[in-house]
Amino acid sequence: MKQGKKVTQQSIIGQQGVTLIEQIVQKIGYVWRATSIFDVGIDGEIEIRDSITGEMTNTIIKVQAKATTNLFQAETANSFEYSCTQKDLNYWLRGNVPVILIVCRPDTDEAYWVSVRDYFSDLATQKTRKVLFDKQRNRFDDSCTASLKKLALSGDSGIYFAPLQKTETLYTNLLKVTSFASKMYVAGTNYRKEGAIWREFNSMGIKVGPEWILANKQIVSFHNLKEPPFNKICDLGTCKSFDTQKWSNSKDEDTKRQFVQLLNKCLQERTQLLRLDFNKTHQHYYFPPTRDPITKELRPYKVWYQSLQQKASREVFGEYAKKSDPSQRAYYRHSAFEGQFLQLGDEWYLEITPTYHFTSDGYERYKFRSQLLQGIKRLDRNPAVLGQLLMWADYLSRSTQNIFSSEYPFLDFGQLATVDINTSLPDDVWYNSEEENEVKSSGEAGNQLGLFD
């Protein structure tokens, strides 16, 4: 009785080895082609591919694979040997394309490689016909990408590879609005000027928040107009409530404008609770002067905030001396920002533009403000602006609750919006003007992020 055809165990192990090599090559991003016919010492080839553009290069590396499930020859924890036959060695060295020898153990996903021509470049080594593999240095995995490309491409090949893409996280100057009032109220009124309404509230001896506007003989408010003190100035028969989302997403420009007006009123109240002042002339919010509790003299003030990876500090109010006479004060500088609400899609953001407020004595306007701002804008670079943005984002998002007041209910902020792009910005312009320990924070590897304004 004739025996049927057989596939030996070594053939299966050999195919498993080729499969492992193919998987590794695909992970690298190159192309593997197995030799299906006339296998005389070469099991396949690797073609180098540009992983960015996908373009094939027509540059080839020939591969001889050797697989086993046993211990390698003279194997230790760090190395092993492989003895080549003279015929194989002669064949590999004779060709006009590079050949690599890959010895693998597929059941443990181990593969190791050497460039045959480079390893046997001298006659003494060729006579031994033996390869000593270092398990760390000769590991065949996706760390071999550059080495394989260098092996395949000659210096004058003329092949261009696109630079590897690097994902850059850009910080925008848009602070996300995480919540605002859920309801809006509209009611008719006989009052025609907001000043008259404020006088009426003052006569009642009641403190009222500013989160309301008078428009078209109506009060539009985040406050419930049916409750005191608004019920004293409104026609309750006309009072209606609306879902705030309908106003915030309205296509009507007047409705949207009224909603933004209310958000700005909320911003003024929230910043006041955070002990910031508002300058009506320049329409910016700023840190007020600070006094020593004992001497009552003006003193510098710093704010600690969460930078990219660590706590950092920034002086938000301080005295600056005259250049001509350092013993005399020139002005006080207050950190400030201009804020504008924007809607992107269904989300609302506060656009923060960092700036400075200048005073001659902590209170009165400094007459050379415009010249100082121009000079600062020329000196400030991305790290300084990024530091200011991170400080303002952290500060504006803080809790307003204290022993005298509860958490502000009508406006809350989250974090600065970020954008990930596949590019890199030059790092050498980033770290020239940060203040104090912000230089360290911004310069750390994990903090090398971009700024998008």
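The model is predicted, so local features need pLDDT of at least 70 and side-chain atom pairs count only at pLDDT 80 or more, while totals for chains, interfaces and linings use all residues. Residues are numbered from 1 along each chain as its sequence is written, and side-chain values use heavy atoms, with hydrogens and water left out.

**The chain as a whole.** The protein chain holds 11 helices and 20 strands, which are DSSP runs numbered from the N terminus (helices H or I, at least four residues; strands E, at least two). Of its 453 residues, 42% are buried. Among contacts (heavy atoms within 4.5 Å) between residues at least 6 apart in sequence, 64% join residues at least 24 apart. The chain exposes about 25,900 Å², of which carbon and sulfur atoms supply 48%; these areas come from the Shrake-Rupley method with a 1.4 Å probe, and for residues only the protein chains shown count as cover.

**Aromatic rings.** Rings of Phe, Tyr and Trp (its six-membered ring) pair if their centres lie within 6.5 Å, and planes under 30 degrees apart count as stacked, over 60 as edge-to-face and the rest as tilted. The structure holds 30 aromatic pairs. One of them is the pair of Phe80 and Phe133, which is stacked because the ring centres are 4.8 Å apart and the planes stand at 15°. Phe80 lies in strand β4 (residues 79-83) and Phe133 in strand β7 (residues 130-134), so this pair ties together parts that are 53 residues apart in sequence. Trp198 and Phe201 form an edge-to-face pair, at 6.0 Å centre to centre and 85° between the planes. Both Trp198 and Phe201 belong to helix α6 (residues 194-204), where they are three residues apart, about one turn of the helix. Ring pairs also link Phe278, Tyr285, Phe287, Tyr301, Phe337, Trp392 and Tyr395 into a cluster. Arg105 lies over the face of Phe72, at 4.2 Å from the ring centre; a charge counts as over a ring if NZ of Lys or CZ of Arg is within 6 Å of the ring centre and within 35 degrees of the ring normal.

Strand β10 runs antiparallel to β11 (residues 218-221), to which four bridges join it; two strands pair if DSSP finds at least two bridges between them. Ala215 stands opposite Gln218 in β11. Two residues lie between the strands of this hairpin, and Asn216 takes a positive phi near 55°.

**Other backbone sites.** Asn58, in strand β3 (residues 56-67), has a positive phi of about 60° although it is not a glycine. A cis peptide bond with omega of about 0° joins Pro228 and Pro229, and Pro229 is found in the loop between β11 and β12 (234-243). Thr255, in helix α8 (residues 253-273), touches Trp247 and Ser250, not counting residues up to four places away in sequence.

Relative accessibility of selected residues:

| Residue | Relative accessibility and class |
|---|---|
| Asn58 | 65%, exposed |
| Trp198 | 29%, partly exposed |
| Phe201 | 1%, buried |
| Asn216 | 69%, exposed |
| Thr255 | 19%, buried |

Conventions: Buried means under 20% relative accessible area, exposed over 50%, partly exposed in between (1.4 Å probe, protein chains only).
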